[in-house]
Amino acid sequence: MAQIKAPRGTQDLLPADSYKWKYVESTLMAIGESFGFKELRTPVFESTDLFERGVGDTTDVVQKEMYTFEDKGGRSITLRPEGTAGAVRAAVEHGLLNDALPLKLSYLTSCYRYEKPQAGRLREFHQFGVECLGTASPMADAQLILFASRIFDAFGVEGISLEINSIGCPKCRAEYHKALKAYFEAHIDSLCDTCKGRLEKNPMRILDCKNPECKKIAHGAPVILDYLCEDCKDHFEKVKDYLDIADIPYKINPRIVRGLDYYTKTVFEFVSDAIGAQGTVLGGGRYDGLVEELGGKSVPALGFAMGLERLMLLLEAGKFAFPAAATPDIYFCSIGENALKVALTLADELTADGFHAEIDILGRSLKAQMKYANKIGAKYTAVIGDDDIENGVLNIKNMETGETIQSDFLGFADTFENEYLAYIEKKEFSNYTDFGVEEDG
Ligand code: ATP
Ligand code: MG
């Protein structure tokens, strides 16, 4: 029969890599917790309206990239293209904004966008995202950027640069839109069809178009920084001041507008040139109008999202040393049916105590079992034969040192645990002293 392949633009995460992802994801969530962010999980699909309103109906995401379908009940459903709209919907729906503010949420999610697949650009991808709702203070912007930059520090990422901009508020944008419209109208013939349609409704979106012609024209367009109102200007100055105090280097890039409609004031991106054309690893900003847009009260908010595939590319490019994948604590080699049954019981006792214990479930020869135990990196092995069962005593071998200890069957779990803990402690200690010796010599 013909083989079925995974859909274009999707990736399987295989065991050879999944432990790295698990490490990265738990590190991200832990950093989030240290900044006070708590996990939120929302559905993978939402009502299409949510994204039309929340992301904006003149954005590339809504106009070109959404996976939208009608379900069997005739509802229009969309696979989430990003995490913010769902997070805000959930916060409003469950009254989370009535509790003490700020509300700080974090999530790890899959996202879906119908895009041209290439390195760092997939149709199913993953994000670590955070949202902070209920604060208008520029300190919140600066601390969120600090948080993002601490993530890159935690992974030892070098050569990533922070670019910031302010895209103002609806008040200052009115003037800016006029200037932009006048500018683009003069170049209308060279704009792509989508952008021609955007000119009336939302000329700022043209600045974010990926079409090379539109990009070229956008380069000469007026910049919003020249149109900021006093309030937005003051906010931006304070954010920059706080970043200076926190010693976070940044570059002002007046061309950042971000791909989603809901942003106001501060926007930022962390960009690397180590991973090819899709260099924006993390993007975020303030979205003061979104909560109200989605039916909540008027609550200022901000957030960021980081693409995990791009982060992984960055870590691989920097040769990040992931902690080794977990290996079995013990493998029971058994000779014959009776021994296998004993192995089953002992392994069960150990797994109940939290150890990773394995037995032969293939009916292999002893030699093949030993070879397999080596291959999967078992820290200990115990060979069980009829003689051992008769004597009631087992040899437990440390595969690294070759040392063997004995245990009777009844006290096996306790003996193993003591031996194991002593070994781990000694190992950690010896790693520590080794390091000292290397330093000297
Ligand atoms: P781009 O300009 O690269 O299309 P974007 O502005 O559409 O990015 P956001 O909506 O801000 O991206 O999403 C935040 C992050 O999610 C991006 O910085 C990126 O790391 C990641 N991301 C976005 N789209 C994709 C995709 N199709 N495949 C993989 N990662 C993605
Ligand atoms: Mg995009």
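Tyr380 is buried, because its relative accessibility is 0%. Buried means under 20% relative accessible area, exposed means over 50%, and partly exposed lies in between, all with a 1.4 Å probe and protein chains only. This is a predicted model, in which local features need pLDDT of at least 70 and side-chain atom pairs count only at pLDDT 80 or more, while totals for chains, interfaces and linings use all residues. Residues are numbered from 1 along each chain as its sequence is written, chains are lettered from A and ligands numbered from 1 in the order in which they are written, and side-chain values use heavy atoms, with hydrogens and water left out.

Tyr380 lies in strand S14, residues 380-384. Helices (H or I, at least four residues) and strands (E, at least two) are DSSP runs, numbered from the N terminus. What does Tyr380 contact, beyond neighbours within four places in sequence? The partners include Asp329, Ile330 and Tyr331. Ile396, Lys397, Asn398 and Met399 are also among them. Contact here means heavy atoms within 4.5 Å. Glu400 is 20 residues from Tyr380 in sequence, and their C-alpha atoms are 8.2 Å apart.

Now turn to the nonpolar interior. Nonpolar side chains tend to be buried together in soluble globular proteins. The largest nonpolar core here has 52 residues. Such a core is a set of buried Ala, Val, Leu, Ile, Met, Phe, Trp, Tyr and Cys residues joined through side-chain atoms within 4.5 Å. Leu133, Phe184 and Leu207 have the most contacts inside this core. Several elements each supply at least two of its residues, including helix H2 (48-54), helix H4 (84-93), strand S5 (103-112) and helix H6 (170-185). Leu207 touches Tyr176, Leu180, Phe184, Ala218, Ala221 and Val257, leaving out residues up to four places away in sequence. A second, separate core has 42 residues, with Ala142, Ile145, Leu146 and Val157 among them.

Next comes ligand 1. Which of the 15 residues around ligand 1 come nearest? They are Arg113, Glu115, Arg121, Leu122 and Arg258. A residue is near a molecule or strand if one of its heavy atoms lies within 4 Å of it. The shell divides into five nonpolar, four polar and six charged residues. Ala, Val, Leu, Ile, Met, Phe, Trp, Tyr, Cys and Pro count as nonpolar, Asp, Glu, Lys and Arg as charged, and the others, Gly among them, as polar. Strands S6 (124-133), S10 (280-286) and S11 (301-307) each supply at least two shell residues. S10 gives the most, with three.

The distance is 2.4 Å for Arg258, 2.8 Å for Arg113 and 3.2 Å for Lys210. The protein covers 93% of the 580 Å² of accessible area that ligand 1 has on its own. Accessible areas come from the Shrake-Rupley method with a 1.4 Å probe; for residues, only the protein chains shown count as cover.

Last, the backbone. The peptide bond from Leu101 to Pro102 is cis, with omega near 5°. Pro102 sits in the loop between H4 and S5. Lys265, not a glycine, has a positive phi of about 50°. Lys265 belongs to strand S9, residues 264-272. Lys319 is not a glycine either, and has a positive phi of about 55°. Lys319 is in the loop between helix H11 (308-317) and strand S12 (330-334). Is each lysine buried or exposed? Lys265 is buried, because its relative accessible area is 11%. Lys319 is exposed, because its relative accessible area is 71%.

Methods
Polar contact = N/O pair within 3.5 Å; in protein donor to acceptor, adjacent residues only side chain to side chain.
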